[in-house]
Amino acid sequence: MRINTKAFCDRLIWLLTLFWVVAIYLFTMETWGRYIYLALAVAIFLLTALRNGGRIRVKLCRYHAYVLAFVVYTGFSAVWAWAPAEAFSKCITLLNIFICCAMMYPYYAQQDSAEPLLSIFMWAGYLVALYSIQRIGLAAILEATISARARMYFEYNNANTLGMLCALAIVIQAYRWLFGRFSLSALFSVPALLVVAASQSRKAILMIPLGIIILLFLKNLGNRSFFKSFFRIVLSLALFAAVLVLISRISIFRGVNERLTSMIASFTGEGAADGSSLLRKKMREVGFAQFLKTPIFGIGIGCSDVLLQHTINRSTYLHNNYIELLACGGIVGTALYYVPRLALLRDFWRSRFLQNRQTIACLTILLLYLIMDYGEVSYSEKVYYLYLLMLFVQADKLRESKHQTWEDGTDE
């Protein structure tokens with residue numbers, strides 16, 4: 001029996017990339033994890049060459065230039081950093097991430113769209129959810145959903161990080177349903193939802209309704225009938241409000257609802273804010289105050305722990321990607337990190353009336369993470385550079401062809 005080399009390589013690369021994403025979440029605490037990530041990236045690169053008949057075209061694109069510019073700046077910031085070793089360590093971490101993603105880029109750049117990577121992120125969330133339930137136990141997961149005091153501790157990764165991956169999987173599943181048809185894969189949304197609830201991650205629980213409402217909004221934005229489109233957008237907003245109310249009353253979200261209430265109280269001053277919300281608010285204030293003192297270059301990438309140790313006796317990061325970069329990288333570092341994302345927003349927005357479904361999915365993910373950056377530090381996370389790779393692949397495809405439509409079909 002003759003083996004179809006391209007089809008075999010496609011399947012194997014898909015599986016290896018899936019394992020690369022899953023490994024990020026399950027092996028992040030292991031010192032040998034870095035070797036797993038690199039080995040998988042090398043394997044994907046070699047399989048890409050095999051698929052292409054022993055040849056591989058290495059083309060430097062916008063993605064490489066943008067990421068490498070930020071990596072180089074991170075290294076240079078060690079010159080003026082409050083803790084040069086911290087900046088240099090961040091540079092090495094980012095360089096390793098860049099090398100891995102650069103080896104995966106040639107394969108995904110030759111795909112028709114971002115659909116394979118969207119599928120990978122969805123299944124990665126589902127697999128991590130199933131692993132979490134199997135390892136911790138369903139009873140313990142359910143118990144962790146009932147109160148903010150019973151929040152689940154995942155020893156192999158941060159609860160917020162796991163919750164956000166599972167939330168993204170649910171959003172991508174909603175995208176596949178909205179632009180395709182119902183699939184049995186939607187059943188895996190249930191364990192993913194349980195892990196989101198057990199994590200009690202405020203960002204994760206907000207991602208689900210927010211992601212779905214953005215999908216609905218963008219889908220209807222290109223409707224040629226103004227009144228029909230306006231009605232659907234208003235209906236989408238009403239649905240968003242209804243979902244939030246429903247979530248607040250479901251027992252499995254009781255714990256995260258308590259945390260959301262306390263977070264809102266830290267902004268409004270009404271009600272009792274929890275210690276975590278108040279501490280993060282203080283961190284934002286400290287970080288912004290430092291930015292005003294060193295606005296151009298900051299205090300060195302990765303040096304926020306030194307800043308907080310000096311000010312509030314806490315050795316941690318600022319829990320806000322915008323403030324973290326402004327304080328540590330200044331205007332220059334923040335611009336180097338966010339200009340690529342603004343370029344993607346421009347590319348995707350210009351194609352909004354093309355009604356390309358993969359573009360809508362990518363724009364939704366981009367908007368979600370720009371919003372979520374307010375409550376997390378993402379610039380050194382491995383998976384975010386694979387997200388960025390996917391977004392640039394889609395944006396570059398739009399530049400090549402302006403006539404793609406969502407009727408192309410969704411890979412199952």
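This is a predicted model: local features need pLDDT of at least 70, side-chain atom pairs count only at pLDDT 80 or more; totals for chains, interfaces and linings use all residues.
Residues are numbered from 1 along each chain as its sequence is written, and side-chain values use heavy atoms, with hydrogens and water left out.

**Figure 1. Overview of the chain.** The chain has 16 helices and zero strands; helices (H or I, at least four residues) and strands (E, at least two) are DSSP runs, numbered from the N terminus. Of its 412 residues, 53% count as buried, where buried means under 20% relative accessible area, exposed over 50%, and partly exposed in between (1.4 Å probe, protein chains only). The accessible surface comes to about 19,100 Å², and carbon and sulfur atoms account for 65% of it; such areas come from the Shrake-Rupley method with a 1.4 Å probe, and for residues only the protein chains shown count as cover.

**Figure 2. The nonpolar cores.** A nonpolar core is a set of buried Ala, Val, Leu, Ile, Met, Phe, Trp, Tyr and Cys residues joined through side-chain atoms within 4.5 Å. The largest one holds 107 residues, of which Trp20, Phe121 and Tyr385 touch the most other members. Helix 7 (residues 159-179) gives this core its largest share, 14 residues. Apart from it lies another core of 15 residues, including Ala81, Val306, Leu307 and Leu318.

**Figure 3. Surroundings of Trp20.** Contact means heavy atoms within 4.5 Å. With neighbours within four places in sequence left aside, the contacts of Trp20 are Tyr37, Leu40, Ala41, Cys100, Cys101, Met104, Lys382 and Leu386.

Figure 4. On a 1 Å grid over the protein atoms alone, a pocket is an open set of points with protein on both sides within 12 Å along at least five of seven lines, whereas a cavity is a set where a 1.4 Å probe fits but cannot get out; lining residues have an atom within 4 Å of a point. Grid points are joined across faces, edges and corners, and a volume is the space filled by probe spheres set on the points.

**Figure 5. The largest cavity.** Four cavities of 30 Å³ or more are counted, and the largest has a volume of about 130 Å³. It is lined by 13 residues, of which Arg341, Leu366, Tyr369, Tyr384 and Leu391 lie nearest its centre. Helix 14, helix 15 (357-372) and helix 16 each supply at least two residues of the lining.

**Figure 6. Two residues with positive phi.** Asn313 is found in the loop between helix 13 (304-311) and helix 14 (321-350), and its phi is near 60° although it is not a glycine. His319, likewise not a glycine, has a positive phi of about 60°. Asn313 is exposed, with a relative accessible area of 59%, whereas His319 is buried at 15%.

**Figure 7. Cysteines.** The whole structure contains zero disulfides, a disulfide being a pair of cysteine sulfur atoms within 2.5 Å. The sulfur of Cys303 has its closest cysteine sulfur in Cys328, 6.2 Å away, which is too far for a bond. Cys303 is buried at 0% relative accessibility.
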